Amino acid sequence: MRPLTTNETTTLFEKLAKYMGSNIKHLVDRPDEPYCFRLQQSRVYYMSEKMARLAISAGRDHLGSIGTCFGKFSKTGKFTLHITALDYLALYGTHKIWVKPNGEMPFLYGNNIVKAHLGRITDNTPEHTGIVVYSMNDIPLGFGVTARATADMKNLQPTDMIVFHQADVGEYLRDEQNLF
């Protein structure tokens with residue numbers, strides 16, 4: 001387990017900024033204790049610095065995971081967020097969408113969100129920005145990227161896509177071996 005390099009940190013924060021905006025500072029500068037990001041076998045983990053110091057005593061081969069897995073770096077250097085980061089995205093996300101009950105299951109099966117499933121959305125959400133998807137009961141279901149700006153959604157047909165699927169809580173069942 002090692003600290004992230006400057007390029008890795010930049011790539012991670014650029015990805016998180018799409019979903020959290022300026023709320024990224026709340027991840028690292030926490031009032032309870034300092035937190036950090038660490039890299040273990042191309043996966044980025046979020047943990048307290050106290051936990052990171054304790055993890056040093058375990059060998060790399062013996063350490064499976066520690067903290068919360070935020071995502072994974074590909075061999076080309078791109079960063080992919082995993083569904084395991086949903087709790088923090090839901091807490092600090094700036095743009096949110098609530099889907100109707102008839103749109104929850106299609107999203108949880110990995111489909112995009114169409115306008116007919118739109119319950120509510122945060123005002124002034126721009127196009128191609130990260131968005132956290134909630135049920136109408138305020139339960140976070142996953143996250144995605146907006147296909148259209150909020151102002152453009154009023155003129156769309158019910159079958160037009162408004163959010164591109166990125167990850168959902170159904171991945172815990174569908175893709176369990178690749179998450180951890």
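This is a predicted model: local features need pLDDT of at least 70, side-chain atom pairs count only at pLDDT 80 or more; totals for chains, interfaces and linings use all residues.
1. Layout first. The protein chain splits into domain 1, residues 2-88, and domain 2, residues 95-175. Their C-alpha centres are 25 Å apart. The contact draws on seven residues from domain 1 and 17 residues from domain 2.

2. On to the area. Between them, domain 1 and domain 2 bury about 850 Å², and carbon and sulfur atoms account for 70% of that. On the domain 1 side, look at Tyr19, Ile83 and Leu86: this trio supplies 74% of the area that domain 1 buries against domain 2, more than any other three residues.

3. What about polar links? You'll find zero salt bridges between domain 1 and domain 2. Two residue pairs are in polar contact across the domains, both at pLDDT 80 or more. Sorted by class, the side of domain 1 that touches domain 2 has four nonpolar residues, two polar and one charged.

4. A word on the annotation. UniProt, in an unreviewed entry, places "domain: PUA" over residues 95-170. Domain 2 of the model, for its part, runs over 95-175. Within the model, the span 95-170 is 41% strand and 11% helix, and its end C-alpha atoms lie 21 Å apart.

Technical notes
Residues are numbered from 1 along each chain as its sequence is written. Side-chain values use heavy atoms; hydrogens and water are left out. Domain bounds come from an automatic or database domain assignment. Contact means heavy atoms within 4.5 Å. Buried area is the accessible area (1.4 Å probe) that two parts lose on being put together, summed over both. A salt bridge is a side-chain nitrogen of Lys or Arg within 4 Å of a carboxyl oxygen of Asp or Glu. A polar contact is a pair of N or O atoms within 3.5 Å; within protein, one must be able to donate a hydrogen and the other to accept it, and residues adjacent in sequence count only if both atoms are side-chain atoms. Ala, Val, Leu, Ile, Met, Phe, Trp, Tyr, Cys and Pro count as nonpolar, Asp, Glu, Lys and Arg as charged, and the others, Gly among them, as polar. UniProt positions are given in the numbering used here, feature names are shortened, and annotations may be inferred rather than shown by experiment. Helices (H or I, at least four residues) and strands (E, at least two) are DSSP runs, numbered from the N terminus.
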